[in-house]
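Subject: Structure for you, with notes

Hello,

Here is the structure I promised. Please open it first, then read the notes below.

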Amino acid sequence: MNPYLAGVLLGLVLLGTIYITGRGLGASGAIKSGVIATVESVAPEHAENGLYYSQQAAEREGGPLNNWLVFEVLGVIVGAFFSGVWANRVGLKFEKGPKATNWGRIIGALAGGALFGFGSQLARGCTSGSALSGMAVMSFGGIITMFAIFGSAYAFAYFFRKLWLK
Amino acid sequence: MGPLVPYIISSEFNLVIALIIGFFFGFVLEQAGFSSTKKLVGLFYGYDFTVLRVFFTAGVTAMVGVLLFHHYGILDISIIYINPTFLRSALIGGAIMGLGFILGGFCPGTSVCAAAIGKMDAMLFVLGSFIGVFAFTESYPLIKDTYLADAMGPVTMFEVLGMSRIAFAVVLAFVAIFAFVATWFVEMKVRKEPAKISKSRGMKYSVAALMPFVIIAIVAFVPGRQEIIQNKIAEAQRQNECVFYEISADELANEIIHNHYKINVIDVRSPEAFEEFHLPMAMNIPIDEITNRKWEMVFNQDIKTNIFYANDSMTVRMACLKSRFVGDAKNLILTETASEFKSMFFEIEQPDLATASKQEINEYNFRSNAVREMKQLIDALKNIGQPVVREVEVASGGC
């Protein structure tokens with residue numbers, strides 16, 4: 001798909017979201033809900049005593065999974081799968097840069113995910129919830145988070161070029 | 001007027017909406033090619049700027065759309081969620097995310113998309129993000145101070161830069177289009193292809209690039225909802241053609257006693273004046289607040305008749321006129337002012353039975369009875385009789 005057309009469509013989805021719900025899109029928040037739900041069911045005592053968990057429990061009525069972003073991300077999974085089927089892209093695949101080793105990619109993906117997960121909680125949102133939705137409503141925090149994400153990725157790109165380039 | 005949640009769409013149904021919105025979100029991300037790390041990291045090595053194009057186009061489209069919706073009164077931007085700014089944690093968190101981006105090749109949303117179509121590296125990334133979030137929630141007591149430092153509240157970029165909303169929209173659209181052109185040249189150079197574009201494609205892109213500016217210009221120069229209402233009122237006043245249906249104080253008292261559930265008695269004076277004295281069963285909507293979203297349910301319905309009163313005929317007519325442009329409820333104005341009503345009913349003096357005419361005596365009997373009945377009614381309906389306090393629910397969001 002033409003990237004600008006995809007951008008306009010994504011923008012309209014975001015605009016519709018803001019119009020209907022008054023909030024933007026997101027992704028990492030659903031992972032947070034998943035983590036809290038897991039901790040609450042695996043170690044309920046720890047969840048009760050932990051500072052963050054108890055704060056979250058007070059804020060969330062009806063359990064951690066009764067959350068807008070959880071349902072939204074479930075929709076994302078279905079939508080992406082549907083699109084993949086449509087474009088004939090579905091299938092188990094392990095993608096890596098031409099020079100990267102399997103273990104390098106595995107560790108990179110895990111570590112990258114962990115860093116992104118941690119960072120998104122610290123910054124109160126990831127590329128979707130903070131940067132994209134923030135830009136739509138011109139939030140100062142959202143836009144500086146966006147610059148921080150992309151600036152830092154450019155700054156580190158040189159050091160990890162072996163993961164991606166020929 | 002949006003946002004539709006929670007007044008028009010209930011909070012429970014909102015979760016169904018979330019599923020549907022998520023479907024489109026995932027579909028568009030996957031269609032844009034964001035389910036492949038090659039596309040995503042291409043941005044950082046200069047060989048593929050798809051991410052920047054999609055991302056910036058989406059941001060500008062939504063931003064311009066929000067402006068336009070606000071301009072025509074479709075969306076109330078004073079209550080949408082604006083990500084609060086915590087400067088330090090935003091910068092540090094953003095930097096950590098950037099490192100995660102270049103290491104893992106995904107961001108959370110795109111990794112979910114890629115995992116959904118079977119990319120195993122993306123599944124590892126998602127697993128990693130669970131671990132990362134867990135690390136955050138566990139170490140929260142240690143990083144709490146950083147997390148909460150430099151709280152600035154939900155400030156916007158244009159407020160920080162000290163420019164108007166419109167000016168910032170123009171700047172952002174310019175930056176986006178400049179970035180599109182510049183990165184296209186970079187991309188062609190890295191790929192070692194000639195930087196040429198066919199004439200018809202160039203035309204199409206130029207027209208598309210003009211679109212956001214056209215919409216911003218509409219917002220800046222064409223009258224919006226508030227101005228349209230003001231203009232209509234001014235026009236109606238100038239032509240002196242507006243007809244006001246009036247109701248007298250005695251009729252109103254009768255309505256209050258017998259049909260209180262069919263009417264809204266609306267006091268358009270200031271809250272202080274309302275506090276001092278107001279009609280039985282009245283609610284207070286100061287005249288400047290009539291176009292406020294929270295009163296839409298009062299002015300845009302066809303069940304109850306709205307009866308306005310104030311302390312001068314100018315204000316009450318203005319209020320009645322304003323409310324006509326907000327909704328299509330049936331509106332009446334009280335002929336008497338608030339203080340006249342007060343002296344007619346609550347400060348009524350018994351006429352001298354010997355000299356008073358029959359009509360005066362009847363009037364006295366009616367009014368003193370009415371006062372008693374209205375007081376009884378208020379007692380009986382204590383909760384309904386309280387001034388209605390409504391609050392606007394501000395949307396929450398973010399990750």
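A salt bridge here is a side-chain nitrogen of Lys or Arg within 4 Å of a carboxyl oxygen of Asp or Glu. By that rule, B:Glu30 and A:Arg89 form one through their side chains, at 2.8 Å from N to O. Please keep in mind that this is a predicted model.

**Salt bridges**

How many salt bridges lie between chain A and chain B? The count is three. Over all chains, the whole structure has twelve. Another pair is B:Asp121 with A:Arg105, whose closest N and O atoms are 2.8 Å apart. B:Asp121 sits in helix H6 (residues 120-148) of chain B and A:Arg105 in helix H6 of chain A, so this pair joins two chains. As background, side chains of opposite charge can pair when their charged atoms come close.

**The contact between the chains**

Chain A puts 116 residues into the contact, and chain B puts in 123 residues. Between them the two chains bury about 11,000 Å². Carbon and sulfur atoms account for 77% of that area. Which residues of chain A lose the most area to chain B? They are A:Arg124, A:Met138 and A:Phe140. Together these three make up 8% of what that side buries.

Polar contacts are there too. Between chain A and chain B, 40 residue pairs are in polar contact, counting pairs with both residues at pLDDT 80 or more. On the side of chain A that touches chain B, the elements giving two or more residues include helix H1 (3-21), helix H2 (28-42), helix H5 (68-86) and helix H6 (102-122). Helix H7 (127-136) and helix H8 (140-157) of chain A are also among them. By class, this side of chain A has 70 nonpolar, 36 polar and ten charged residues.

**Chain A itself**

Chain A has nine helices and zero strands. Its pattern along the sequence reads α-α-α-α-α-α-α-α-α. The C-alpha trace of chain A spans about 50 × 40 × 35 Å along its principal axes.

**Cavities**

Rolling a probe the size of a water molecule over the atoms shows where empty space is left. The structure has three cavities of 30 Å³ or more.

The largest cavity has a volume of about 140 Å³. Its lining holds 16 residues. Nearest its centre lie A:Thr127, B:Phe34, B:Phe55, B:Cys107 and B:Thr110. Two or more lining residues come from each of H7 of chain A and, in chain B, helix H1 (13-31), helix H3 (50-71) and helix H5 (108-116). Is the lining of the largest cavity charged or nonpolar? It has twelve nonpolar residues, four polar and no charged.

The second largest cavity holds about 40 Å³ of space. Residues from both chains line this cavity, among them A:Arg124, A:Ser130, A:Thr145, B:Asn83, B:Phe86 and B:Ser89. H8 of chain A gives two or more residues to the lining, as do strand S1 (85-86) and helix H4 (87-104) of chain B. The lining divides into four nonpolar, six polar and one charged.

The largest pocket contains about 1,300 Å³ of space. It is lined by 35 residues, and A:Arg23, A:Glu59, A:Asn67, B:Ser396 and B:Gly397 are the closest to its centre. H2, H4 and H5 of chain A and H1 and H6 of chain B each give two or more residues to the lining. The largest share, four residues, comes from H4 of chain A. By class, the lining of the largest pocket has 14 nonpolar, 13 polar and eight charged residues.

The second largest pocket has a volume of about 980 Å³. Of its 34 lining residues, A:Tyr4, B:Phe180, B:Tyr205, B:Ala208 and B:Ala209 are the closest to the centre. Which element gives the most to this lining? H9 of chain B does, with ten residues. Other elements giving two or more residues include H1 of chain A and helix H8 (165-190) of chain B. This lining has 24 nonpolar, six polar and four charged residues.

Best wishes

Key:
Residues numbered from 1 in each chain as written. Chains lettered and ligands numbered in written order. Heavy atoms only, no water. Contact = heavy atoms within 4.5 Å. Buried area = accessible area lost by both parts, 1.4 Å probe. Polar contact = N/O pair within 3.5 Å; in protein donor to acceptor, adjacent residues only side chain to side chain. Nonpolar A, V, L, I, M, F, W, Y, C, P; charged D, E, K, R; others polar. 1 Å grid on protein atoms, 1.4 Å probe; cavity = no way out; pocket = protein on both sides within 12 Å on 5 of 7 lines; lining within 4 Å. Points joined across faces, edges and corners; volume = space filled by probe spheres on them.
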